[in-house]
Amino acid sequence: MLASPAVRARAQNLGIDLSSVKPAEGDRVRHSDLDAFLRYGSGQGYTPARAPRADEAVRVIGMRRRIAENMAASKRAIPHFTYVEEIDVTALEDTRAQLNAGRGNRPKLTLLPLLIVAICKILPDFPMLNARYDDEAGVVNRSGAVHMGMATQTPAGLMVPVIRNAESRNVWQLATEIGRLAEAARAGSIASTDMGGGTITLTSLGPLGGIATTPVINRPEVAIIGPNRIVERPVFRADGRGGETIARAKLMNLSISCDHRVVDGYDAASYVQALKQLLETPVMLFAD
């Protein structure tokens with residue numbers, strides 16, 4: 001089939017076989033023939049998704065370069081493993097709604113402050129998770145305080161500001177601090193004292209969380225926890241008469257990635273199971 005180089009290039013970009021295009025005049029395919037073919041064949045999927053765009057070279061500099069270096073170092077140095085468990089957060093979401101209904105002028109609670117409280121309550125029984133590993137010295141520094149890193153997406157890239165002494169804050173104080181750190185990080189005004197020194201990190205994509213994630217550890221920490229998207233599904237529940245009934249439940253997968261050099265799979269799984277039990281009985285979050 002005869003066609004000019006420009007017509008051939010356009011047909012190739014559009015994914016059109018020139019042999020399937022019938023010229024309006026003679027035996028040479030012109031741009032007008034392609035236009036007619038696109039109009040005629042649009043119902044058959046010939047209309048392109050979009051016009052082609054030029055390639056672009058983007059320099060990896062500044063914060064994006066630091067993120068790239070940190071992620072590469074983490075994956076290169078740390079043998080990751082990830083454990084995922086499904087948690088019924090129906091009661092937890094009901095508790096959150098009740099707290100928000102009476103919050104007054106306090107910040108609206110998301111799931112994160114409640115999750116942080118649960119994480120902090122269980123960590124004393126699993127000190128190997130709340131730690132920093134100096135692999136050059138061969139020393140694991142287990143922290144008594146929980147300095148919770150909060151992975152935060154900003155226009156400049158991913159930042160991890162830290163909630164200092166998260167274990168000593170209640171849900172409202174945590175909500176306030178999460179909001180302050182996230183706002184400062186996104187505005188580019190985060191203080192150096194709010195960065196670094198974390199002992200464990202929490203990462204959440206909110207409604208974009210997907211079914212499961214395999215988060216990358218924020219080196220030199222040894223664990224990172226990632227709640228995933230909450231979905232509603234039917235489940236079987238006891239009906240109180242010795243049988244079962246079908247009920248609507250809010251379910252969420254929780255991921256944890258750990259450094260296998262210093263954290264055993266059994267410990268990570270045991271921690272998440274303890275966390276699951278606490279989150280599924282949210283009244284225990286506020287018990288001494």
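Residues are numbered from 1 along each chain as its sequence is written, and side-chain values use heavy atoms, with hydrogens and water left out. The model is predicted, and local features need pLDDT of at least 70, side-chain atom pairs count only at pLDDT 80 or more, and totals for chains, interfaces and linings use all residues.

The protein chain contains seven helices and 12 strands; helices (H or I, at least four residues) and strands (E, at least two) are DSSP runs, numbered from the N terminus. The radius of gyration of the protein chain is 27 Å, well over the 19 Å that the globule rule gives for 288 residues, so the chain is more spread out than a compact globule. Here the radius of gyration is taken over C-alpha atoms, and the globule rule is 2.2 Å times the number of residues to the power 0.38. Along the principal axes, the C-alpha atoms fill a box of roughly 90 × 60 × 40 Å.

Of the 288 residues, 40% count as buried; buried means under 20% relative accessible area, exposed over 50%, and partly exposed in between (1.4 Å probe, protein chains only). The accessible surface of the protein chain comes to about 16,300 Å², and 52% of this belongs to carbon and sulfur atoms. Accessible areas come from the Shrake-Rupley method with a 1.4 Å probe, and for residues only the protein chains shown count as cover. Among contacts with a separation of 6 or more, 63% are between residues 24 or more positions apart, contact meaning heavy atoms within 4.5 Å.

The largest nonpolar core has 53 residues, and those with the most contacts inside it are I116, I119, L129, M148, I163, L202 and Y271. Helix α5 (residues 111-122) gives the most to this core, with 10 residues. A nonpolar core is a set of buried Ala, Val, Leu, Ile, Met, Phe, Trp, Tyr and Cys residues joined through side-chain atoms within 4.5 Å. Residues up to four places away in sequence aside, I119 touches M148, L202, I225, Y271 and L275. A second, separate core of 10 residues includes I16, L18, V29 and F37.

Two residues in the model have backbone features of note. The peptide bond from R219 to P220 is cis, with omega near 15°, and P220 is placed in the loop between β10 (200-202) and β11 (223-238). N165 has a positive phi of about 50° although it is not a glycine. N165 lies in the loop between β9 (162-163) and α6 and is partly exposed, with a relative accessible area of 32%.

R229, in strand β11, is partly exposed at a relative accessible area of 34%. Residues up to four places away in sequence not counted, R229 touches G206, P207, G209, G210, I211, L251, M252 and N253. R229 and P207 are 22 residues apart in sequence and 5.4 Å apart in space, C-alpha to C-alpha.

M284 is found in the segment after α7 (265-279) and is partly exposed, with a relative accessible area of 43%. Neighbours within four places in sequence aside, M284 is in contact with K121 and L278. Between M284 and K121 there are 163 residues of sequence separation and 9.8 Å in space, C-alpha to C-alpha.
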